[in-house]
Amino acid sequence: MVGAPDVVKPSEKVESYSPHINGNPIFTISDEIGSPDSGYTMASINSNGDLKSPGDPPDKKITDADAEKQPLSGKKEERWWNTLMQVAVPFFIAGCGTIGAGLVLGSIRNWEVFLKVNAIFVLVPSLSGLKGNLDMCLASRLSTQANLGNMTSSREVISMVVGNISLVQVQAIVAATVVAIFAVTVNTIADRAFNGSYVLLLIASAVFTATTTCFVLDFVMVMVIFGSQKFKVNPDNVATPLAASIGDIVSNSVLAVTAQYMFEQIQISLWQPIALLCVYYSLLPIWVFIVWRNKYTKTVLTTGWTPVISALFISGVGGIVLDQAVDQFPGYEVFQPIVNGIGGNLVCVQSSRLATHLHQTAIPGELPENTRLIEWPWKTLFYGTTAAKVARMLLILALCGQIVFMFVADFIFQGLVTIQVAFGITYVACSLVQVMVLLYLAYILIHFMWKKKKDPDNAAIPYLTSLGDLLGSVFLGLAFLILSLFGMEYGNNVPK
């Protein structure tokens, strides 16, 4: 007969082992609270991988209030006001960037290249989304490593940063080429005509825009994450919004200037776009070699393409919506980057936090205790899960932020405030619906990927940001359409 396990002091955390009882190994765990009698057997683990105490009912549940009190990270729980401040500051900075992106798009829509090459509009959300897909994934990966304490050795940090930046360059070159070909195909089908020089223009502009924007933002991301660690701020809260704060405006500006320059040059000769593409495609094998030799990125190089390419086509559909809506609804191009950018920024914050939480509290393939793959929407958005507390904050930020950004963008674009009550209510409603759908999808998608042993840091964000672009474009288009049916179009009260 095996004797009972020794009792340990309440302040100690000891895991002891006795050979077996009734054929099952016994593990006695005493934690800081002190529970020397809390023995767990292998039979105490249910089919979901959850531990239950001997004698407990098979499906032990916790209340919604207790579920929400559980911290969303494996470390000390963040106070709600700390989380709010950490998210709000970069959120409003990012909002300024999206306003700038909308104003840039509104001012360049009459440039010659945009008037004669309609496929450029298909590139706009796709390249903005690509920036989000690649740089947000980079931010999420590095934030997770920072929260796990893996960024303390300078040698490892350098290896991690170089590998990830090289990976983003590989993905940017390939993905930009794919999305440019997609834009050419859509334009050829729509116009029933093919222009070879425009193909070179689109591919060269897309590749240059994607690689340049990503390269600049990658270094911004690294500095933000290091700064977050130094000032003891959770990088999950600040890295992705700050990366997006300049991403959209830089992406739109670089695309417009590059496309206009290439458009003027191809009227004379095609050597410049050809030379540009030769340089980038020659660098591609070098980037691939660096990534392949890096232990942090080698796996992503071979497995991370499906979400990136799939997201490009989803964003491309949003680009088709933009191409059609720009001609029908004046002012649409000003607000579309704001709606898409804000929704993408907020869902990236939530997805990055959820991914970090899973890395800290669970093993791939198993969900944390009392976590379900699919929850009711109100539990994930308002009350009842660990994700609901942050989701509420993000929805409040979306409401307040969109109201502020709407008036600011309108004033800068029109020179005076022209927002009518009907437009304001419709615009804010479509924005909130988009954010709620994205936050709910983020909860399901990230837990689903974790259950399938896929890293959400690499796979979830591309889908979520591209869905944000598509949903934002569609919902905003519906808002403009509904207003036009009632004769309340945006800007119809502006003095002629």
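Of the 496 residues in this protein chain, 52% count as buried, meaning under 20% relative accessible area with a 1.4 Å probe, protein chains only. Keep in mind that this is a predicted model, where local features need pLDDT of at least 70, side-chain atom pairs count only at pLDDT 80 or more, and totals for chains, interfaces and linings use all residues. Residues are numbered from 1 along each chain as its sequence is written, and side-chain values use heavy atoms, with hydrogens and water left out.

Now the fold. The chain has 15 helices and three strands. Those are DSSP runs, numbered from the N terminus: helices are H or I with at least four residues, strands are E with at least two.

Next, one helix pair. Two packed helices are described by the angle between their axes and the distance between the axes. Here α6, residues 196-230, packs against α8, residues 271-292. The angle is about 45°, and the axes are 9 Å apart. Axes are lines fitted to C-alpha atoms, for helices over the stretch in contact, and angles run from 0 to 180 degrees between N-to-C directions.

Who meets whom? From α6, the residues include L200, I203 and F208; from α8, they include P273, L277 and Y281. Contact means heavy atoms within 4.5 Å.

Last, D218. D218 sits in α6. Is D218 buried or exposed? D218 counts as buried, because its relative accessibility is 0%. Beyond its neighbours within four places in sequence, D218 contacts D135, L138, I165 and V168. D218 and S166 are 52 residues apart in sequence, and 9.9 Å apart in space, C-alpha to C-alpha.

Definitions and conventions:
Buried < 20%, exposed > 50% of the residue type's maximum accessible area, 1.4 Å probe, protein only.
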